[in-house]
Amino acid sequence: MDANQIAYTVNERAPAVPQWLNKGDNAWQMTASTLVGIQSMPGLVILYASIVKKKWAVNSAFMALYAFAAVLICWVLVCYRMAFGDELLPFWGKGAPALGQKYLVIRARVPESRHRVTTDRYETTVPFFPMASLVYFQFTFAAITLILLAGSVLGRMNIKAWMAFVPLWLIFSYTVGAFSLWGGGFLYHWGVIDYSGGYVIHLSSGIAGLTAAYWVGPRLKSDRERFPPNNVLLMLAGAGLLWMGWSGFNGGAPYAANIDSSIAVLNTNVCAATSLLVWTSLDVVFFGKPSVIGAVQGMMTGLVCITPGAGLVQPWAAIVMGLLSGSIPWVSMMILHKKCSWLQQVDDTLGVFHTHAVAGLLGGLLTGLLAEPDLCRLILPRETRGAVYGGNGGVQFVKQIVAALFVIAWNVASTTIILLVIRLFIPLRMPDNQLEIGDDAVHGEEAYALWGDGEKYDPTKHGWHTSSYSEVTAPSRFVDGARGVTISL
């Protein structure tokens, strides 16, 4: 035996490389976790800081940054095992820490995710990597859910109320959806499909975000009427990190570097690209010019829509889903939003209801129609097919509807109760004097230190607000893509 063979044998038998460990799967799972983490930090931090009005750049970025850190600590202290541990209730796991060495180095498993196989005995789906990889991977999903929710309340939520809301919503809302659909809860055993979070993450964050926006209250009238992004190029950089990170989002869902993971990554990008092109085309047809904010929203709805079925549909179906995700949420945001007086009253800052709740619901229902039987066999524990493939597909579609109704109802109720409790101790909305000033009043910091030497900003002397610029080159209108409102300047 030569030196290389000896080294290989020693390494294979080392305590850090147990016989059950698949190095490739573990490497991909950690890579996918990092990609999903990058979607939030710095992806959504940059996106939020750039897409909002200048005076809210720091506050918006901090809300995302705080949520990422707070969720991680709550996750390892109690929430991971509420979502993926032993059953307490049919929709909730027993909370416990995920910090001990003996727990984290064992082979990853989700105790309640058992299913009956052809040998008529129960088996547990066990990945070929350690529990530590699974804990971190699922943390990144929990974190991005809270950060997406934050998009509905940017520009007015009291930062102290937000700091209290994050751990409470994680405990009493997110863990319920995650356990019910992924951790072995009643919806999982009933056979509902949510491949990578169309319901657990996107429908939840969109519904909870709209509910939170209602209870927190609106921005100042001046901010609602005009809320332009302060840096479009950085907004695109954040959006790019979000898009590329989605390969880990959906590619890591099978818990293995396998065929299904490859299908999921391809479908994810195909659907996102299709949706972006459809949304942009509709902007051109109806508004006369392509909106960059609109393109980002179209990208987002495509990514959200494909998520519940990314590894279960064929690429042609991903294109169909992209066509619908680029058009149906566009209609809900640009047309229905304007015609619904209640939606007009609720100030959903970035339109999270449309880009995540509508697109997530759409994706879950389309998965119930388009899930391909052979692809389902690659990963799902039971015989499953979409309605277009006949058989029990119609029943599957009904299951998708019922699961969506449960997720919607739970998020409306839990978010409402949490905010009403917080309101007893902390105002949910900032006072008007802070809303007038923005970041400097809330954090004592500003995103752009242009006037750091004490010079006061004078709109008659600086930037495009000067009369000569406005008269000659300023655009005649601004399309607020987040709310679908055209505002004359």
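This is a predicted model: local features need pLDDT of at least 70, side-chain atom pairs count only at pLDDT 80 or more; totals for chains, interfaces and linings use all residues.
## The chain as a whole

Stepping back, the protein chain contains 21 helices and 6 strands. Of its 489 residues, 54% are buried. If you take the contacts between residues at least 6 apart in sequence, 76% of them join residues at least 24 apart.

## Ser60 in helix H3

Back to helix H3, where you will find Ser60. Is this serine buried or exposed? Ser60 counts as buried because its relative accessibility is 0%. Its side chain reaches the backbone oxygen of Trp56 at 2.9 Å.

Beyond residues up to four places away in sequence, Ser60 touches Tyr48, Val52 and Leu154.

## Trp92 and Phe172

Next, have a look at Trp92, which sits in strand S2, residues 92-93. Trp92 has 15% relative accessibility, so it counts as buried. Not counting residues up to four places away in sequence, Trp92 touches Met82, Glu87, Ile171, Phe172, Thr175, Val176 and Phe179. With one of these, Thr175, the side chain of Trp92 makes a polar contact of 2.9 Å. As for Val176, its C-alpha atom is separated from that of Trp92 by 5.3 Å, although the two residues are 84 apart along the chain.

Phe172, another of the residues that Trp92 touches, is found in helix H6, residues 159-181. Phe172 counts as partly exposed because its relative accessibility is 38%. Leaving aside neighbours within four places in sequence, Phe172 is in contact with Trp92, Trp410, Ser414 and Ile418. Phe172 and Thr415 are 243 residues apart in sequence, and their C-alpha atoms are 8.6 Å apart in space.

## Helices H10 and H12

How do H10 and H12 lie relative to each other? The axes of H10 (residues 232-251) and H12 (residues 292-306) come within 11 Å and cross at roughly 10°. Angles under 35 degrees count as roughly parallel, and so H10 is roughly parallel to H12.

The residues that meet are Val232, Met235, Leu236, Ala239, Leu242, Trp243, Trp246 and Asn250 from H10, and Val292, Ile293, Val296, Met299, Met300, Leu303, Val304 and Ile306 from H12. By class, this contact has 15 nonpolar residues, 1 polar residue and no charged ones.

Val313 has its place in the loop between H12 and helix H13 (315-325). Val313 counts as buried because its relative accessibility is 0%. Apart from residues up to four places away in sequence, Val313 touches Ile263, Asn267, Ile306, Ala318, Met321, Leu370, Ala371 and Leu375.

Val313 and Leu366 are 53 residues apart in sequence, with their C-alpha atoms 9.6 Å apart in space.

## Two backbone details

Most residues other than glycine have a negative phi, and most peptide bonds are trans. Two places in this model are worth a look with that in mind. The peptide bond from Met41 to Pro42 is cis, with omega near 15°. Pro42 is found in helix H2, residues 23-51.

The other place is Tyr255, whose phi is positive, near 60°. Tyr255 is found in the loop between H10 and helix H11 (259-287). With a relative accessible area of 17%, Tyr255 is buried.

Technical notes. Residues are numbered from 1 along each chain as its sequence is written. Side-chain values use heavy atoms; hydrogens and water are left out. Axes are lines fitted to C-alpha atoms, for helices over the stretch in contact, and angles run from 0 to 180 degrees between N-to-C directions. Helices (H or I, at least four residues) and strands (E, at least two) are DSSP runs, numbered from the N terminus. Angles under 35 degrees count as roughly parallel, over 145 as roughly antiparallel, 65 to 115 as roughly perpendicular and the rest as oblique. Contact means heavy atoms within 4.5 Å. Ala, Val, Leu, Ile, Met, Phe, Trp, Tyr, Cys and Pro count as nonpolar, Asp, Glu, Lys and Arg as charged, and the others, Gly among them, as polar. Buried means under 20% relative accessible area, exposed over 50%, partly exposed in between (1.4 Å probe, protein chains only). A polar contact is a pair of N or O atoms within 3.5 Å; within protein, one must be able to donate a hydrogen and the other to accept it, and residues adjacent in sequence count only if both atoms are side-chain atoms.
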